[in-house]
Amino acid sequence: MIHQFEVDGVPAVFVQRPGRFAAGLVFRVGWADETLARHGVTHLVEHLALYRSGVADHHLNGATGPLHTHFHLEGTEADVSSFLLSVCQSLTALPMERLETEKDILRTEEAGRSPGAAETTGQWRYGAQGHGLCSYPEWGLHSVDGQAVQQWADTWFTQGNAALWVAGERLPAGLRLPLRPGPRMPVPAATSALPVTPAYFSGGKGQVLFETVLPRSTATALYAACLDRELFRVLRQEGGYSYTATAAQAHRGDGWSTVVALADALPEQQDAVLGGFIDVLARLAAVGVPQDELDALRRRIDEEYTQPDAEAGRLSGLAADLLGGLPLRGIDDLRAELWAATTQDVHAIAQQAQAAGLLRVPGGRRADWAGYSAAPVSSSVAVVGKRHRSREKGAPDLVLGAEGVSLVDDENAVTVRYDACAAFLSWPDGGRRLIGTDGITVQLEPGCFDVDVQSLAMVDAAVPAHALVRMPPRQKRPTAPRGASAPAAPAAKAGPPFTKVQRLMLTVLTAAAWIWGVILAFAVAGAVGDTSILTDPAMYIVYGVMGALEAALIRSVLRRRRLRRAAGN
């Protein structure tokens with residue numbers, strides 16, 4: 001049974017079990033509470049707070065997530081008391097002599113980490129803020145100082161913003177949590193960078209990835225289990241297309257859950273996997289789950305609830321629920337809800353999942369044929385200001401205005417407004433990158449534009465100081481301006497795939513440009529050989545029109561080639 005108590009004003013939950021003790025201290029703070037310019041400060045506090053615990057014979061660790069930071073260990077009764085005391089004492093006076101060392105450790109950790117599903121979709125759904133920060137490097141480590149780190153700890157790692165969980169034979173003697181006083185922090189509101197859903201984007205290394213946001217409920221858990229089962233059956237067992245075909249859910253902390261599904265594929269089977277994946281989603285949304293399959297899924301989940309250590313395994317989640325002001329539900333409550341859920345409940349969730357879905361398709365493919373809208377890769381408007389021409393032929397021009405900056409060409413614009421700038425990266429060699437809260441990125445390389453120093457200084461002064469990140473020297477400086485990386489960071493993002501009609505039009509225009517160029521060349525050569533033509537003013541008009549037409553054909557070809565390069569196919 002779950003027992004609730006308090007330690008030094010911190011709410012706590014306890015489950016009695018034999019064997020080694022386990023305990024954890026959870027704080028309601030994570031990367032979703034940060035800004036992009038200070039991303040990584042919570043992770044840094046976690047590392048510094050653990051340093052004084054040293055090398056121990058028992059297992060201890062920390063973890064920073066979107067909404068919670070967790071310190072936990074397994075050991076003896078004395079280990080639990082001393083570890084929790086050490087963490088709390090360190091949080092009130094972090095070991096700043098370790099600041100730069102821990103920053104290096106975190107950069108090393110980041111360099112060796114492979115992006116997961118959340119990192120892939122976060123920037124597209126949420127933008128460069130809140131839950132979307134998981135998609136971005138911890139750039140805040142470059143500029144945050146000791147004073148800012150301690151201030152962050154004093155604000156967020158407090159008595160009112162913490163919860164404790166303990167599992168063991170009894171409550172450990174001498175538990176103390178000497179934290180600074182402070183209020184409970186609310187969960188940040190989820191942001192959105194998607195104007196419509198369902199939406200799709202292109203990228204990745206061949207995996208098909210689907211993410212959706214659903215109410216936190218038993219029906220959602222059953223839907224995730226059903227999606228997992230169906231993807232495995234259709235794509236691996238029956239089709240033989242995928243090795244990994246799975247789905248899982250995770251609580252978002254605000255009464256909502258995120259369901260993520262993925263399937264891998266060889267290059268020659270990516271179309272089959274994409275089609276089969278979309279068919280599974282559509283079938284669940286259209287007809288739901290048969291009663292016999294729902295019962296089988298419930299039995300499997302119910303077996304997990306009846307495992308001997310099931311209640312103890314839920315303790316960290318219960319501590320997080322305490323911080324979120326959510327009621328604590330026991331195993332019996334969960335089992336009752338499980339068996340009360342109906343096929344109609346799961347069907348309704350499947351329809352919501354489809355409607356709110358975000359799909360990543362393999363590069364060069366699209367999903368508009370299945371009712372998904374392309375996620376935005378450009379801005380709806382450009383700022384008004386002075387236009388600075390690109391020094392690279394065919395590249396977009398730079399517009400610097402009083403409200404922001406834009407990269408523009410004949411058809412598209414990518415814009416970052418100063419009042420919606422999530423981060424302004426500045427390198428010693430003069431390079432700059434502005435990232436909007438919607439994930440749109442403008443890379444500003446002074447050597448790539450006809451722009452003066454005074455204009456660049458105006459940009460530096462206009463960007464809010466809190467968005468500035470002074471970056472270390474870079475080994476290789478970009479040679480060309482980059483457009484929308486929206487919202488991919490830091491690499492540029494591919495636009496919608498080139499269609500067959502667009503490819504045919506490019507071929508036709510290229511051929512026309514060559515043919516008309518040859519005709520124009522022969523006409524000019526004939527005029528040079530016939531002096532009577534050179535004295536006729538009407539012929540100059542004719543040759544002028546012919547030359548203008550050739551220039552228009554060439555511009556059209558170059559523009560379409562740029563679009564094709566951006567599409568990646």
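The questions and answers below concern a predicted model.

User: In the open sheet of six strands, which strands stand at the edges?

Analyst: The sheet has mixed pairing and the order S9-S10-S8-S11-S7-S12. A strand at the edge has a single partner strand, so one side of it is left without a neighbour in the sheet. The strands in that position are S9 (245–251) and S12 (373–374).

User: Over how many bridges do S9 and S10 pair, and what is the bridge partner of Thr 246?

Analyst: S9 pairs with S10 (residues 256–263) in the antiparallel sense, over seven bridges. Within S10, the residue bridged to Thr 246 is Leu 262.

User: How many bridges does S8 form with S10, and how many with S11?

Analyst: In the strand order S9-S10-S8-S11-S7-S12, S8 stands between S10 and S11. Both pairings are antiparallel. With S10, where Ala 263 is the bridge partner of Val 208, the count is eight bridges. With S11 the count is three bridges.

User: Which helices lie on the sheet, and what angles do they make with S8?

Analyst: Helix H4 (residues 117–126) lies across S7 (199–202), S8 (208–215), S10 and S11 (358–361). Helix H7 (residues 270–287) packs on the sheet and touches S8, S10 and S11. The angle to S8 is about 65 degrees for H4 and about 15 degrees for H7.

User: Is Glu 211 buried or exposed?

Analyst: Glu 211 lies in strand S8, where seven of the eight residues are buried. The cut-off for burial is under 20% relative accessible area. The relative accessible area of Glu 211 is 3%, so this residue is buried.

User: Which side chain makes a polar contact with the side chain of Glu 211?

Analyst: Leaving aside neighbours within four places in sequence, the contacts of Glu 211 include Thr 121, Arg 125, Tyr 126, Val 259 and Leu 358. Leu 358 is also the bridge partner of Glu 211 in S11. The polar contact, at 2.5 Å, is with the side chain of Arg 125.

User: Which residues of H11 are buried, and why are they on the same side of the helix?

Analyst: The buried residues in H11 (residues 331–340) are Ile 331, Leu 334 and Leu 338. They are on the same side because the arc they cover around the axis is only 65 degrees.

User: What covers the buried residues of H11, and which exposed residues are on the face turned away?

Analyst: The cover includes helix H6 (218–238), helix H8 (291–305) and helix H9 (310–313). The face of H11 turned away from the buried side carries the exposed residues Asp 332 and Ala 340.

User: Where does Asp 33 lie, and what backbone atom is 2.9 Å from a polar atom of its side chain?

Analyst: Asp 33 is in the loop between strand S3 (21–27) and helix H1 (41–51). Asp 33 counts as buried because its relative accessibility is 14%. Not counting residues up to four places away in sequence, Asp 33 touches Arg 28, Pro 66, Trp 152, Trp 156 and Pro 188. The atom at 2.9 Å is the backbone nitrogen of Gly 30.

User: How many disulfides does the structure hold?

Analyst: Cys 88 is buried, at 0% relative accessible area. Cys 134 is buried too, at 14%. A disulfide is counted when a pair of cysteine sulfur atoms lies within 2.5 Å. The number of disulfides in the structure is zero.

Conventions. Residues are numbered from 1 along each chain as its sequence is written. This is a predicted model: local features need pLDDT of at least 70, side-chain atom pairs count only at pLDDT 80 or more; totals for chains, interfaces and linings use all residues. Side-chain values use heavy atoms; hydrogens and water are left out. Buried means under 20% relative accessible area, exposed over 50%, partly exposed in between (1.4 Å probe, protein chains only). Helices (H or I, at least four residues) and strands (E, at least two) are DSSP runs, numbered from the N terminus. The arc is that of the directions from the helix axis to the C-beta atoms. Contact means heavy atoms within 4.5 Å. Two strands pair if DSSP finds at least two bridges between them. Axes are lines fitted to C-alpha atoms, for helices over the stretch in contact, and angles run from 0 to 180 degrees between N-to-C directions. A polar contact is a pair of N or O atoms within 3.5 Å; within protein, one must be able to donate a hydrogen and the other to accept it, and residues adjacent in sequence count only if both atoms are side-chain atoms.
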